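Here is a short report for a reader meeting this structure for the first time. Keep the sequence and the 3D view open while reading.

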Amino acid sequence: IGTMIANRMRPAVFWVVLVLLLVVIYKRFQTMQKNEVDMTMESFRVRDIPWVDDVLKLDPKSMSETDAMNKFYYYIAFPVQGVCRVLKRIGGSWIIRQVDGDKFVCMDNLMLGKQCLIYSFGVAHEYSFEEFMDSRGCEIHAYDPTVDHPAKLGQNIYFTKLGLSNATSENMDTLANILSRNGHTNTIVEYLKIDIEGHELPGFSNWLATGALRNVNQMALELHMTELHKGPKFIWLLEVLQELYTLNFRVISHEVNMVMGPGEGGLYNLVEVVFMKDNIWNHQGGL
């Protein structure tokens, strides 16, 4: 009887051993893949170090306005590669000769299943970006003083007819006040989208002074720099770039506005940039 039971158990034991062996092989394969990805990210990060150091060591006040202008355009045009692993282009519509309204988003935190809170300033009538992020389960607070929309644009898109400014008025408010009103002062904002047709430039000093960017992971802006060329006046903006880098933000995406084309000085005065905090893959100190 014992021999019969043993004979019957042999196939089951074989399959159990086989399954366990396959699990071990699969885990080793995953580890090899992870190590390879980590090594790739590390190689990018090593390459980024001197670039980030250059930005932090700049002395804008010692430069002429023209030199500061050229430096600013130069440094935002080369996104670092060791901060974001999965960068995706989301939303947008075809306008004249190019897509407009699209945004680049680092999906790393979202793929890790982390909380996704988005603030979007300047939605007009093109909010395909917000709709897609809504479909991904994000909570989105959208603002624009120039259009009328329902209070709810989607499952989790909440619209307010209010503009972003560096001061409070009847139809405008500061970023710090808006975050506070929604109970998000100490909440991680995964993505802050700002496309407010030039009003982003005077907003920088307020956002930095009030600490409103302290809990922001990614910040996407369309920079409208045409007026800065009348002078030019770029030293202060280069100092803003330095301060953002001091706060651990890094440029991870750069895209010129091809719809409008080149402007003053033959340069693209309208530029989409995305800044991201270097806090996901940076396990050994800042770059």
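## A parallel pair

Strand β5 (residues 117-121) and strand β10 (residues 189-194) run parallel and are joined by four bridges. Helices (H or I, at least four residues) and strands (E, at least two) are DSSP runs, numbered from the N terminus. Two strands count as paired if DSSP finds at least two bridges between them. Serine 120 faces lysine 193 of β10. Tyrosine 119 stands opposite leucine 192 of β10.

The model is predicted: local features need pLDDT of at least 70, side-chain atom pairs count only at pLDDT 80 or more, and totals for chains, interfaces and linings use all residues. Residues are numbered from 1 along each chain as its sequence is written, and side-chain values use heavy atoms, with hydrogens and water left out.

## The sheet

β10 also pairs with β11, in the parallel sense, over five bridges. Lysine 193 stands opposite alanine 220 in β11. Is β10 enclosed or open to the outside? Six of its six residues are buried, so β10 is largely enclosed by the rest of the structure. Buried means under 20% relative accessible area, exposed means over 50%, and partly exposed lies in between (1.4 Å probe, protein chains only).

These strands belong to an open sheet of seven, in the order β7-β6-β5-β10-β11-β13-β12, with mixed pairing. From one strand to the next, the twist averages 15°. Helix α7 packs on the sheet and touches β11 (216-224), β12 and β13 (270-277). The direction of α7 makes about 130° with that of β12. Axes are lines fitted to C-alpha atoms, for helices over the stretch in contact, and angles run from 0 to 180 degrees between N-to-C directions.

## The nonpolar core

In soluble globular proteins, nonpolar side chains tend to be buried together. Here the largest nonpolar core holds 74 residues. Such a core is a set of buried Ala, Val, Leu, Ile, Met, Phe, Trp, Tyr and Cys residues joined through side-chain atoms within 4.5 Å. Which members touch the most others? They are Phe121, Leu213, Leu241 and Phe275. Helix α7 (residues 235-246) gives the largest share of this core, seven residues.

Leucine 241 touches Val55, Phe72, Tyr75, Ile76, Val251 and Phe275, leaving out residues up to four places away in sequence. Contact means heavy atoms within 4.5 Å.

## Helix α6

Helix α6 covers residues 200-210. Its buried residues are Glu200, Leu201, Gly203, Phe204, Asn206, Trp207 and Leu208. They pack against β8 (163-164), α5 (175-181), β10, β11 and α7. Glycine 211 follows α6 and has a positive phi, near 75°.

## Cavities

How many cavities of 30 Å³ or more are there? The count comes to three. A cavity is a set of points, on a 1 Å grid over the protein atoms alone, where a 1.4 Å probe fits but cannot get out; lining residues have an atom within 4 Å of a point. Grid points are joined across faces, edges and corners, and a volume is the space filled by probe spheres set on the points.

The largest cavity has about 90 Å³ of space. Its lining includes Asp102, Glu222, Asn257 and Glu272. β3 (98-100) and β12 each supply at least two lining residues. β3 gives the largest share, three residues.

Most residues other than glycine have a negative phi, and most peptide bonds are trans. Alanine 124 has a positive phi of about 50°. This residue lies in the loop between β5 and α4 (128-135) and is partly exposed, at 33% relative accessibility. Glutamate 197 also has a positive phi, near 55°. Glutamate 197 lies in the loop between β10 and α6 and counts as exposed at 57%. Glycine 231 and proline 232 are joined by a cis peptide bond, with omega about -10°. Proline 232 is in the loop between β11 and α7.

Methionine 260 sits in the loop between β12 and β13. Why does methionine 260 count as exposed? Because its relative accessibility is 55%. Beyond its neighbours within four places in sequence, methionine 260 is in contact with Arg97 and Leu270. Methionine 260 and arginine 97 are 163 residues apart in sequence, yet 9.5 Å apart in space, C-alpha to C-alpha.

Definitions and conventions:
On a 1 Å grid over the protein atoms alone, a cavity is a set of points where a 1.4 Å probe fits but cannot get out, and a pocket is an open set with protein on both sides within 12 Å along at least five of seven lines; lining residues have an atom within 4 Å of a point.
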